[in-house]
Amino acid sequence: MEEKDLKKDLEEYLQALKLPTFVKNYQAFAQDAARSGQSYERFLLGLAKEEATSQYDKRVERAIARAKFPVLKDLSSFDFSVVGGISKHRVMELAQGDYLAKKESIILIGNPGLGKTHLATGLALAACKQGKKVRFFSAAALVNDLLATQHTLQLSKFKAPLLRSDLIVLDEVGFIPFTTEGAQSLFQLCSDLHERVSILVTTNLRFGDWISIFGNETMTTALLDRLTGKGHILEFIGESYRFRQRLRQEEQQRLEEKTETG
């Protein structure tokens, strides 16, 4: 078999086996192996590692795209020193993903501006990197989607991929009160997800105040029972990060003005 036919057949087999990185790199790897006198096994190992890394990166990219994060924020950029009540060790343990295997939930509770959404995004991103199916929603947007699909008789179709997920993030529960119909729709979804899919909630409301957004004490109690029964509760304590940042900026501006006039 001539060299060009050998190359053509090899690439066809590699494509059929869904090994695109092999196709892209085998010639360069073969040349390097020949120059350095590598064994066939080491040459093949190098190609296999490159293929595995490429496929992993693509899986993570797809998982992140499906999650629909509003902004990507990693746990490595979260400043644990400025927020009280949050243990970095505990968060990093959660990031390992055991709670996902156990279908447990996480509730991040505290005043606005303390980084709850950042931490929720970081944990959800860690889940994506572990090959988990994640979907990120603002609570208000999710309720709107539930009501819209319910009115068009598409609710079951909308819920189906959520029920196949590993983690659903409900961000900013409590910022906007729900209508009675909206509260019931969200309650029903959370009931459907219970013990099937982990739920990660961020909220600025203490549990005793949840009735102000759900409107029904029995339903609110039942929802909290589902979320906290097998859940991890992390309470954020401190001043708003954005508020502190604004104060620093104003102080810096005053100092600059004082220097200019002095």
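Start by selecting helix α7, residues 139-151: at 1.5 Å a residue, its 13 residues should span 18 Å, and its end C-alpha atoms are 19 Å apart, which agrees. The expected span here is 1.5 Å times one less than the number of residues. Helices (H or I, at least four residues) and strands (E, at least two) are DSSP runs, numbered from the N terminus.

A quick heads-up: this is a predicted model, where local features need pLDDT of at least 70, side-chain atom pairs count only at pLDDT 80 or more, and totals for chains, interfaces and linings use all residues. Residues are numbered from 1 along each chain as its sequence is written, and side-chain values use heavy atoms, leaving out hydrogens and water.

Stay on α7 and show its side chains. Ala139, Leu142, Val143, Leu146, Leu147 and Thr149 are buried (under 20% relative accessible area, with a 1.4 Å probe and protein chains only). Those buried residues pack against β2, α8 (155-163), β3 and α9 (180-193); contact means heavy atoms within 4.5 Å. Just after α7, click Leu153, which has a positive phi of about 60 degrees.

Next, bring up the sheet.

Finally, zoom in on β3 (residues 167-173) and β4 (residues 198-203), which run parallel and are joined by five bridges. Look for Ile168: Ile199 in β4 stands opposite.

Conventions
Pairing = 2+ DSSP bridges. Buried < 20%, exposed > 50% of the residue type's maximum accessible area, 1.4 Å probe, protein only.
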